[in-house]
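Here is a short tour for anyone who likes to think in contacts and areas. Have the viewer open and follow along.

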Amino acid sequence: MTIQTHADETNGTPEVLTTADGKPLKTSIARALRREKMRALLLIAPLLLFVIITFVAPIVDMLFRSVENQIVSTTLPRTVVELDSWDGTTGEAPGENVFNALHFDMTVAVERKNHTQLGTRLNYEESGISSMFRRTGRRVDDFGEIYADQFIDLNSAWEAPATWVSLMASPDWIAEQAAWVADRDAARANGTAFEQPEPAFAIREGVAEALPRTADIYQAFAEFIQTEDQDSPTEEEPWNAVYTGLHDDLLANPNAASAFSGETATLLSQAANAVSGFEKISLREAFIDADEDWGNPYYWGVIQTFSPSYTSGYFLAAADAELTPQGIQMKPEDEQIYLYLFWRTLLLSVTITFSCLLLGYPIAFLLAALPARSANLLMILVLLPFWTSLLVRTSAWKVLLQQQGVINDFLVWTGLVSDAGRLVMINNQTGTIIAMTHILLPFMILPLYSVMKTISPSYVRAAKSLGATDWTAFWRVYFPQTVPGIGAGAILVFILAIGYYITPELVGGTDGIFISNRIAYHISTSLNWGLAAALGVILLLAVMLLFYVYDKIVGIDNVKLG
Amino acid sequence: MTETKGAAVRYENVQKSYDGETLVVKNLNLDIPPGEFLTMLGPSGSGKTTCLMMLAGFEPATHGEIFLNDRPINNVQPHKRGIGMVFQNYALFPHMSVAENLAFPLQVRGMGKAEQEQKVKRALEMVELGHFGSRRPAQLSGGQQQRVAVARALVFDPELVLMDEPLGALDKQLREQMQYEIKHIHDNIGVSIVYVTHDQTEALTMSDRVAVFNDGVIQQLSRPDVLYENPQNSFVAQFIGENNKLSGTVEAVEGETCTVRLDDGTMLKADAVNIDGVGSRTTISLRPERVEFDTHETMDNLVSGQIEEMIYLGDHIRVRMNVAGNNEFVVKVRNRGEKRDLKTGQTVEIGWAAGDCKALDAVA
Ligand SMILES: Nc1ncnc2c1ncn2[C@@H]1O[C@H](COP(=O)(O)OP(=O)(O)O)[C@@H](O)[C@H]1O
Ligand SMILES: [Mg+2]
């Protein structure tokens with residue numbers, strides 16, 4: 001820098017410094033450093049990879065799951081589109097168009113057996129929806145039966161899969177499929193293996209315009225038959241919903257036959273002439289008949305609210321609020337649990353941190369003041385808990401604290417409490433606080449000790465020689481110098497405590513559990529991963545916020561671990 | 001700073017043992033009059049700090065009694081002794097500013113805010129750090145920290161200030177400057193100071209009296225000049241200043257002087273300071289600057305020796321010689337600018353007065 005300025009002054013052009021072989025100095029340095037960096041990177045690569053796979057990736061996945069909501073739009077694609085234009089404020093359930101779409105969606109979903117998953121998902125938002133889907137799922141195939149019967153009565157050709165293939169499939173596909181069948185039969189005759197799948201179904205040109213609904217549902221049918229059933233549309237009678245689609249299309253477009261030719265055109269125009277005389281069914285009523293809640297606009301509101309692929313619903317639920325068709329609202333008083341649980345987790349963590357500080361400070365002080373030999377022995381005692389399994393230690397507290405346990409027995413024996421008045425010290429907050437304070441104590445003592453060890457005894461001596469009593473010397477001179485250790489210990493214990501799971505689970509009962517126990521519940525029992533993820537994200541953010549506040553107040557530079 | 005009279009200190013038969021097996025301080029008797037600057041000088045581990053800590057109240061005396069202004073203080077808590085103290089590492093409270101450090105002893109004494117501020121200001125001015133009140137100790141140089149430590153020990157007007165190797169961490173130049181500053185402060189305010197050091201120049205420069213410690217025992221307690229001129233034993237002679245040692249046997253004692261036969265047969269006259277009588281072993285101590293090359297017949301002691309090495313040191317020339325079998329014999333020749341014919345390997349005659357060499361206890 002200075003050299004360049006100097007060059008500027010003398011001849012106006014900055015002089016580029018070069019190495020002996022004429023390359024610019026900066027390039028050479030950069031190259032030399034790059035090699036160093038690459039080597040350093042190689043050294044940390046295994047750990048970096050490990051951390052990314054086992055730590056960063058799950059967290060990113062969790063963040064994603066807490067807002068992800070694609071199940072509604074993938075399971076009910078047609079309904080979601082139709083429902084978009086429905087105005088929930090009218091107080092009316094949606095019209096026939098939505099139920100027509102729902103009929104198709106449900107038919108596909110039931111065949112794929114994923115309508116119950118959707119029911120479970122929506123049940124998180126409004127209980128009762130799950131049973132709607134389950135009950136309707138059993139009946140939805142029957143809805144279109146009336147049309148299927150009438151088509152077949154009209155002409156038994158409608159029963160034949162081949163009729164439908166010649167109507168719907170592209171001539172190319174028909175040819176390809178025939179060739180495939182020939183190959184397969186030849187292979188069978190030779191006894192050789194034939195692994196090739198049937199060519200993927202392709203729709204005939206123009207059908208989508210002439211018979212849009214039929215094309216839509218028949219394509220879904222063909223794809224399902226081919227991929228899920230490993231079968232061929234040439235051999236399967238279509239779903240009743242396909243007949244429903246054809247009925248609707250012919251009613252809407254009686255000239256549909258003009259798009260076809262030959263036998264199929266004849267068949268189609270015959271049907272087109274007949275459909276207006278068919279016995280009709282209202283799908284809306286059929287659904288409401290299957291489960292009356294389909295007529296309730298409230299449930300439709302829930303479905304509409306959770307149609308988008310991304311939702312704030314999980315986060316709102318984690319904050320005891322809910323997304324209703326009327327906007328964000330708090331849940332009723334008696335259903336609110338998470339805010340309280342967060343608050344309790346925070347409160348218990350603070351309590352545990354303080355208990356650890358209260359118990360750990362004198363121990364750390366003793367450790368730092370004792371001569372080396374006794375200090376080492378004491379240090380081993382402090383570290384002893386690390387050598388025993390966490391589960392064993394927690395269980396030991398169960399043995400000690402329970403009502404028929406060692407401590408109560410002793411108290412009764414000494415007569416301090418009566419046999420009837422045995423203390424309840426486990427399966428409540430007391431149990432959680434006692435057991436977790438014990439488990440986290442070393443994390444408070446170690447940073448405190450390492451800070452105290454560096455404080456020369458001459459400070460306290462100086463204070464006393466200046467006239468301070470023991471207490472003043474401690475409080476005004478010694479204690480302030482241990483604050484970095486307190487900071488480090490407190491932050492360590494607090495962050496460990498706030499996410500603790502196993503100990504509260506074992507000794508916390510119902511009112512001593514933490515938010516993490518609830519997260520575990522949603523992960524493993526209720527399988528509401530979205531909510532678990534949202535709770536986890538909130539916990540993470542809360543810790544980060546506290547960390548930030550702590551940094552502002554205490555200053556993270558003031559934290560010493562040793 | 002108001003004119004305070006210093007306190008009197010008296011150690012009476014004080015002993016101290018940490019482990020119950022060895023005495024670190026052996027029967028110490030020491031009387032310090034008010035206002036004196038007394039230095040405890042001795043090699044590391046000789047028990048100086050222990051003596052100071054017993055006086056400050058941080059270590060109990062195993063036996064004996066310590067008096068402060070004729071009041072026994074063995075059972076007085078340290079903070080009630082009213083003794084200022086300067087530690088080797090200064091022990092400035094790192095979490096307080098300089099002014100807060102100085103105000104601390106005033107605060108704990110419940111002094112009013114205004115008076116505190118005035119005293120702190122005056123103390124800072126005394127050590128010429130008037131503008132540094134708001135700084136943290138870590139933002140000061142070593143010398144400045146040192147001055148703050150001194151100011152803090154004096155700000156509450158103690159009658160006695162203890163200093164334990166306070167200049168040990170400073171470089172040579174700063175150390176010398178601080179020596180004078182501390183000395184001036186002492187002269188100005190008349191406080192008693194007990195000062196601990198292992199640096200003999202420091203002790204000689206600053207003190208009214210010096211107590212030379214070795215092995216838990218005071219070897220000699222004298223004014224600095226007496227200590228240098230009239231060491232009472234070989235340890236003191238050796239420890240204070242540079243010294244030539246010549247071992248021999250006492251041949252005869254004539255009043256204040258004696259005749260000593262060195263191991264190679266040379267006979268010397270010396271002051272009889274610390275000998276057991278005729279026939280006993282003795283060590284003669286002789287300062288290098290007292291030896292003359294310009295010898296004349298009337299000198300008490302005349303010997304010849306071979307020059308082994310000459311080192312030019314500016315103000316003087318250091319000549320190492322082999323005299324009476326001792327090839328560590330050093331002579332300092334003042335550089336007066338005159339030409340002198342001294343060469344390495346040359347054998348020359350040297351001489352000195354009987355009063356310049358002392359016959360002391362024998363060293364092994
Ligand atoms: N707190 C202590 N516990 C045990 N022995 C000590 C303690 N302090 C000093 N000693 C021992 O006492 C002797 C004198 O120490 P000290 O008074 O510090 O000497 P000095 O200050 O002259 O260097 C040394 O041998 C030292 O090892
Ligand atoms: Mg010492």
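## A sheet in chain B

Two strands count as paired if DSSP finds at least two bridges between them. With that in hand, turn to chain B of this predicted model, where four strands make an open sheet in the order E2-E1-E4-E5, with antiparallel pairing. Strand E2 (25-32) and strand E5 (71-72) of chain B are at the edges; each has a single partner strand, so one side of each is left without a neighbour in the sheet.

Within that sheet, strand E1 (residues 9-16) and strand E4 (residues 63-68) of chain B run antiparallel and pair over five bridges. To find your bearings, look for Gln15(B), which stands opposite His63(B) in E4(B).

How many salt bridges does the structure hold over all chains? The count is 37. Among them is the pair of Lys26(B) and Asp215(B), with the closest N and O atoms 3.6 Å apart. This pair links distant parts of the chain, 189 residues apart: Lys26(B) sits in strand E2 of chain B, and Asp215(B) in the loop between strand E9 (209-214) and strand E10 (217-222) of chain B.

## Two domains of chain B

Chain B is divided into domain 1 (9-234) and domain 2 (242-361). Their centres, taken over C-alpha atoms, are separated by 39 Å. Eight residues from domain 1 of chain B and nine residues from domain 2 of chain B take part in the contact. The two domains bury about 760 Å² between them, with 36% of it on carbon and sulfur atoms. On the domain 1 side, Tyr228(B), Pro231(B) and Ser234(B) lose the most area to domain 2 of chain B, together 61% of what that side buries.

What polar links cross this domain interface? The rule finds one salt bridge there, as well as six residue pairs in polar contact. Helix H7 (residues 224-229) of chain B gives the most to the domain 1 side, with three residues. By type, the residues of that side divide into three nonpolar, four polar and one charged. Elsewhere in the list of charged pairs you can pick out Glu229(B) and Arg290(B), whose side chains meet in a salt bridge (2.9 Å, N to O).

## Chain A on its own

The domain assignment of chain A gives domain 1 (4-65), domain 2 (76-141 + 283-311), domain 3 (155-275) and domain 4 (338-558). The C-alpha centres of domain 1 and domain 4 of chain A lie 42 Å apart.

Strand E1 (residues 321-324) and strand E2 (residues 327-330) of chain A pair in the antiparallel sense over four bridges. In E2(A), Gly327(A) is the bridge partner of Thr324(A).

## Where the chains meet

Chain A brings 17 residues to the contact and chain B brings 22 residues. The area buried between the chains is about 1,800 Å², and carbon and sulfur atoms give 65% of that area. Which three residues of chain A supply more than any other three? They are Arg461(A), Leu466(A) and Arg476(A), with 39% of the area that chain A buries against chain B.

One salt bridge is counted between the chains: Glu59(B) with Arg461(A), the closest N and O atoms being 3.8 Å apart. Four residue pairs are in polar contact across the interface. Helix H23 (458-465) and helix H24 (470-498) of chain A each supply at least two residues of the side that touches chain B, and the largest share, seven residues, comes from H23(A). The residues of that side divide into seven nonpolar, seven polar and three charged.

Technical notes. Residues are numbered from 1 along each chain as its sequence is written. Chains are lettered from A and ligands numbered from 1 in the order in which they are written. This is a predicted model: local features need pLDDT of at least 70, side-chain atom pairs count only at pLDDT 80 or more; totals for chains, interfaces and linings use all residues. Side-chain values use heavy atoms; hydrogens and water are left out. Domain bounds come from an automatic or database domain assignment. Contact means heavy atoms within 4.5 Å. Buried area is the accessible area (1.4 Å probe) that two parts lose on being put together, summed over both. A salt bridge is a side-chain nitrogen of Lys or Arg within 4 Å of a carboxyl oxygen of Asp or Glu. A polar contact is a pair of N or O atoms within 3.5 Å; within protein, one must be able to donate a hydrogen and the other to accept it, and residues adjacent in sequence count only if both atoms are side-chain atoms. Ala, Val, Leu, Ile, Met, Phe, Trp, Tyr, Cys and Pro count as nonpolar, Asp, Glu, Lys and Arg as charged, and the others, Gly among them, as polar.
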